[in-house]
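Here's a quick briefing to read alongside the sequence and the 3D view. Take a look at the structure first, then work through the notes by topic.

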Amino acid sequence: MLEFLMRFLGRDPASSSKNIARERLRLVLVHDRVNVSPEVLESLKEELIQVISHYMEIDEDALEVSLNQADNSVALMANIPVLRVKRLTREPVTPR
Amino acid sequence: MGEVVVVTSGKGGVGKTTATANIGTALAALGKRVALVDTDIGLRKLDLVLGLENRIVFHLIDVTSGNCQLKQALIRDKRLDGLYFLPAAQTRDKTAVTPEQMRELSAQLKQDFDYVLIDCPAGIEQGFKNAVAGADRALVVTNPEISAVRDADRIIGLLEASEITNSRLIVNRIRPNMVKRGNMLDVEDILDNLRIDLIGVVPEDEKILISTNRGEPAVLDSSSRAGQAFRNIARRILGEEVPFLNLEANEGWRPWFRRIFGLSNAR
Ligand SMILES: Nc1ncnc2c1ncn2[C@@H]1O[C@H](COP(=O)(O)OP(=O)(O)O)[C@@H](O)[C@H]1O
Ligand SMILES: [Mg+2]
């Protein structure tokens, strides 16, 4: 009932133009920042390789990292061809 | 030795020139020696906001190209002692100045003034590069609109790249009533997204238009809310701790109504 009233008064929080603007702003900035800095994606790629190589051998040249935008979210997509999985003799390396 | 502050935004029409004129005037009113430099070549406007358009003899490019001495081109404000103004050229094109020349000019002005405020043109090309060339720090102006915040983000990245740290954000043209009704981005929404600290929030104020008509910056009008916000920014630039304006005050009957019925939200 309250919700109905709020909507009636144009105060539905989710669809208020402020919230729509805030969400659109967030998405557009994620995209802009990646677009202006390919170096960031590149260094992300390098660090990914380092971490993953603890566990498996991967095809570094075929590795692809990109940010994809769906309707209302941005996803980091990584396509990492695995050549061989290492046999873990010790406990996994856990980040501190 | 003074400080060179560039006022910039990326997007046009967000209030760079208004901010430059008002903050500069407020700093001078606080007893500082201030030089305002219009670098918007071909689209001169700071002269009008300051009401100094009839006093222009030489301009920025006359100085950088050696047509005249810096002292000859600086116009003294008619109201405040320590306030000076260097106009942009209206007829020449932007490529007539180089970043190197701007660095020299800034260095020269710093010798004589406490603050040198550089009014930057819109865009991220040559005019921007010239304006930031000699700057020690930046004031980034934005409006509560997606496009303006997006451009501010871009500019902040470029400022970092040109090693101007210590940038501060001014959110201009906030309309508290629209924010309250959920129809305008609020200051938090903007700060959440930009990696930069806030130095002031300036409300939408029709006195800005009136003061521009008159050629008298709104900071000289003690009843202007935007003028008050710009005066506060000037004091924060000087290092004073000034609380942010309560933008919800003075908005008709609503605050009264809320107070009477105990509905005031603690913001
Ligand atoms: N706080 C404000 N309230 C009302 N009008 C404003 C405010 N700030 C700027 N304006 C108006 O917006 C317009 C653009 O401002 P200006 O300072 O020229 O922007 P810029 O230099 O960034 O292009 C001007 O007409 C100015 O009077
Ligand atoms: Mg301007």
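**Salt bridges and their surroundings**

B:Asp136 is partly exposed, with a relative accessible area of 32%; here buried means under 20%, exposed over 50% and partly exposed in between, using a 1.4 Å probe and protein chains only. Keep in mind that this is a predicted model, where local features need pLDDT of at least 70, side-chain atom pairs count only at pLDDT 80 or more, and totals for chains, interfaces and linings use all residues. Residues are numbered from 1 along each chain as its sequence is written, chains are lettered from A and ligands numbered from 1 in the order in which they are written, and side-chain values use heavy atoms, with hydrogens and water left out.

**Charge pairs**

- Over all chains, the structure holds 14 salt bridges, each being a side-chain nitrogen of Lys or Arg within 4 Å of a carboxyl oxygen of Asp or Glu.
- B:Asp136 has B:Lys110 as a salt-bridge partner, with the closest N and O atoms 3.3 Å apart. That pair links distant parts of the chain: B:Lys110 sits in helix α5 of chain B and B:Asp136 in the loop between α6 (126-133) and β6 of chain B, 26 residues apart. B:Lys110 is buried, at 15% relative accessible area.
- B:Glu3 and B:Arg137 form another salt bridge through their side chains (3.6 Å, N to O). B:Glu3 counts as partly exposed at 22%, while B:Arg137 counts as buried at 12%.
- Within helix α5 (residues 99-112) of chain B, B:Glu100 and B:Arg103 are three residues apart, about one turn of the helix, and their side chains meet in a salt bridge (3.2 Å, N to O).
- A network of salt bridges links A:Lys18, A:Arg22, B:Asp186 and B:Asp189.

**The sheet in chain B**

- Eight strands make an open, mixed sheet in the order β3-β4-β2-β5-β1-β6-β7-β8. Strands (E, at least two residues) and helices (H or I, at least four) are DSSP runs numbered from the N terminus, and two strands pair if DSSP finds at least two bridges between them.
- The edges are β3 (75-76) and β8 (197-203) of chain B, each pairing on one side only.
- All five residues of β2 (residues 34-38) of chain B are buried, so this strand is largely enclosed by the rest of the structure. B:Val34, B:Leu36 and B:Asp38 cover one side, B:Ala35 and B:Val37 the other.
- β2(B) runs parallel to β4 (residues 83-86) of chain B over four bridges, with B:Leu36 opposite B:Phe85. It also pairs in the parallel sense with β5(B) over five bridges, where B:Val34 faces B:Tyr115.
- β1 (residues 3-8) and β5 (residues 115-119) of chain B are parallel too, joined by five bridges.

- Most residues other than glycine have a negative phi.
- B:Glu163 has a positive phi near 60°, and B:Asn166 one of about 60°.
- B:Glu163 lies in the loop between α7 (146-161) and β7 (168-174) of chain B and is exposed at 70%. B:Asn166 is in the loop between α7 and β7 of chain B and is partly exposed at 36%.

**Chain A**

- Chain A has three helices and four strands, and buried residues make up 16% of its 96 residues.
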